[in-house]
Amino acid sequence: MRKLEERFPEELVVIGVHSGKFTAESETYNVRAAVMRLDVRHPVVNDPNYLLWRAYAVRAWPTLVVIDTEGRVLGVHSGELRGEEIQALGDFIGEIAARADSQRMLERARLPMLLEKQKQLETLLSFPGKVLADPAGGRLFVADTDHHRIVSFGLADGKRRRVYGSGEPGLRDGSSGRARFHFPQGLALTDHALFVADTENHAIRRIALDSGTVTTIAGTGEQAVGPPADGLLNSPWDVLAIRDVLYVAMAGSHQIWTVNLRDHDLQLFAGDGREALQDGPRLQARLAQPSGLATDGALLWLADSETSSLRAVPLRGEGEVLTYAGKGLIEFGDRDGPAEDALLQHPLAVACADGFVYTADSYNNKIKVLDPEQGVITTLSGGGEPGLQDGAAADASFWEPGGLSAAGDSLYVADTNNHAIRVVNRHTGEVRTLELAE
């Protein structure tokens with residue numbers, strides 16, 4: 001939509017109609033936060049009861065309806081638009097505008113709007129997506145997603161140490177102050193470098209920690225149609241470095257890929273590219289927007305967000321993808337207990353420590369923990385209602401946490417909609433907000 005809005009700034013009016021699948025997505029305050037987080041620049045109608053959905057006979061997310069100046073529906077398209085389809089739709093809109101112009105039925109003007117973002121006070125972080133604790137270096141790396149940069153803070157004092165990225169969206173390599181990212185998410189650390197899932201650039205970036213220089217090691221800035229091909233990636237959302245291999249949660253193609261850090265060779269690791277919850281041999285299994293990665297040394301753990309599930313695949317050999325919790329694309333909720341019966345709602349992150357698997361149960365506003373040996377999921381922290389409240393486990397509140405990193409007895413949480421970093425005691429669930437300073 002952004003490309004079309006920029007092509008026809010005075011002819012085209014885009015109105016988004018949001019009919020959420022998940023319960024949390026139906027709440028207007030969550031829709032408003034998503035509009036700001038995604039930098040949406042057109043009006044959005046929250047349609048939780050599917051009234052407009054039914055009125056226009058919509059059957060799938062997303063669906064585009066083209067309406068002319070007289071209110072007539074001229075075309076409908078279900079599914080995402082890619083590449084040539086966007087160009088063709090633009091040409092179609094151009095023809096409609098020219099015809100309306102010739103009939104003097106087109107008023108060329110920009111729709112006056114006050115964007116939701118313009119109503120908000122500036123914060124040090126803006127919708128941080130992922131976080132990475134480095135106890136050995138005393139650092140905390142944060143994907144300051146909506147500021148299009150990566151920020152390093154002191155792990156103990158929260159003081160800002162270094163910023164990578166100019167703060168302007170784009171794809172540009174170079175020095176830490178000159179480089180540009182676009183909605184960065186996942187972070188992975190090696191001895192000398194920090195790797196970034198640069199989501200909206202559909203690229204993997206490398207930050208040399210000694211010099212701060214940013215380089216692109218995979219991706220071109222263009223989005224692949226389906227699985228990565230011809231150097232194009234598809235919405236990488238998280239990364240995990242294990243020795244010389246970088247694992248990439250390729251949310252856009254519902255797969256896990258690897259990048260060899262020596263020669264930057266890209267290989268498929270898991271998922272056949274179709275969106276579903278289907279276990280089996282890793283190249284035949286089906287995933288659904290994997291958004292978080294972690295390892296316990298033997299298994300690669302996935303937060304498979306669209307199936308609201310926790311899944312794992314052996315790192316070695318031709319092992320199978322197994323689901324530990326989660327039931328499918330349309331089954332979700334908030335229920336603790338035996339893992340086979342437990343329900344999550346759109347988890348976005350996982351972390352491993354001491355044999356436990358922690359997850360940011362994002363749409364339930366909770367941090368939960370899976371004991372794989374006992375096969376039980378319990379809530380570690382968060383009462384479920386969105387908010388910013390420190391204190392005891394049951395009293396604390398989060399708002400769509402999206403990132404997790406374990407260090408010692410603590411979990412560091414990217415509390416996305418609160419623009420904050422929270423610290424959770426892994427044993428008691430007690431929560432505090434990390435005070436960050438310039």
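Modeller: Strand E13 gives the most to the lining of the second largest pocket, with five residues. This is a predicted model, and every value here is computed from it. The pocket has a volume of about 560 Å³. Its lining counts 26 residues. Leu132, Leu187, Leu240, Leu293 and Ser405 are the ones nearest the centre. Six strands each supply at least two lining residues: E5 (131-134), E9 (184-189), E13, E18 (290-295), E23 (349-353) and E27 (401-407). By class, 18 of the lining residues are nonpolar, four are polar and four are charged.

Stay with E13 for a moment. It belongs to an open sheet of four strands, in the order E13-E14-E15-E16. The pairing in this sheet is antiparallel. E13 (236-242) and E16 (266-270) stand at the edges with a single partner strand each, so one side of each has no neighbour in the sheet. From one strand to the next, the twist averages 30°. In general, the strands of a sheet pair through backbone hydrogen bonds, in a parallel or an antiparallel way.

Inside the sheet, look at E14 and E15. E14 covers residues 245-250 and E15 covers residues 255-260. Six bridges pair them in the antiparallel sense. Val245 stands opposite Asn260 of E15.

His346 is in the loop between strand E22 (337-338) and E23. His346 is not a glycine, yet its phi is positive, near 55°. Most residues other than glycine have a negative phi. Is His346 buried or exposed? His346 is buried: its relative accessible area is 7%, and the cut-off for buried is under 20%.

Pro338 counts as partly exposed, at 38% relative accessibility. Neighbours within four places in sequence aside, Pro338 is in contact with Gly375 and Val376. Thr378 is 40 residues from Pro338 in sequence. In space, their C-alpha atoms are 8.9 Å apart.

The loop between helix H4 (84-102) and E5 contains Arg104. Arg104 has a positive phi of about 55°, although it is not a glycine. How accessible is Arg104? Its relative accessible area is 79%, so Arg104 is exposed. His346, by its 7%, is buried.

Next comes a hairpin. Strand E3 (residues 63-67) and strand E4 (residues 73-78) run antiparallel and are joined by five bridges. Val66 stands opposite Gly75 in E4. Five residues lie between the two strands of this hairpin. Gly71 sits in the turn, with a positive phi of about 85°.

The loop between helix H3 (51-55) and E3 has a feature of its own. Pro62 is found there. The peptide bond from Trp61 to Pro62 is cis, with omega near -15°. Most peptide bonds are trans.

H2 spans residues 28-37. Its buried residues are Asn30, Val31, Ala33, Val35 and Met36. They pack against strand E1 (16-18) and strand E2 (44-46). An α-helix has 3.6 residues a turn, so residues three or four places apart point the same way. Just after H2, Asp39 takes a positive phi of about 55°.

The structure holds one cavity of 30 Å³ or more. About 40 Å³ of space lies in the largest cavity. Its lining divides into four nonpolar residues, no polar ones and three charged ones.

Technical notes
Residues numbered from 1 in each chain as written. Predicted model: local features only at pLDDT ≥ 70, side-chain atom pairs only at ≥ 80, totals over all residues. Heavy atoms only, no water. Pairing = 2+ DSSP bridges. Axes fitted to C-alpha atoms, helices over the stretch in contact; angles between N-to-C directions. 1 Å grid on protein atoms, 1.4 Å probe; cavity = no way out; pocket = protein on both sides within 12 Å on 5 of 7 lines; lining within 4 Å. Points joined across faces, edges and corners; volume = space filled by probe spheres on them. Nonpolar A, V, L, I, M, F, W, Y, C, P; charged D, E, K, R; others polar. Buried < 20%, exposed > 50% of the residue type's maximum accessible area, 1.4 Å probe, protein only. Contact = heavy atoms within 4.5 Å.
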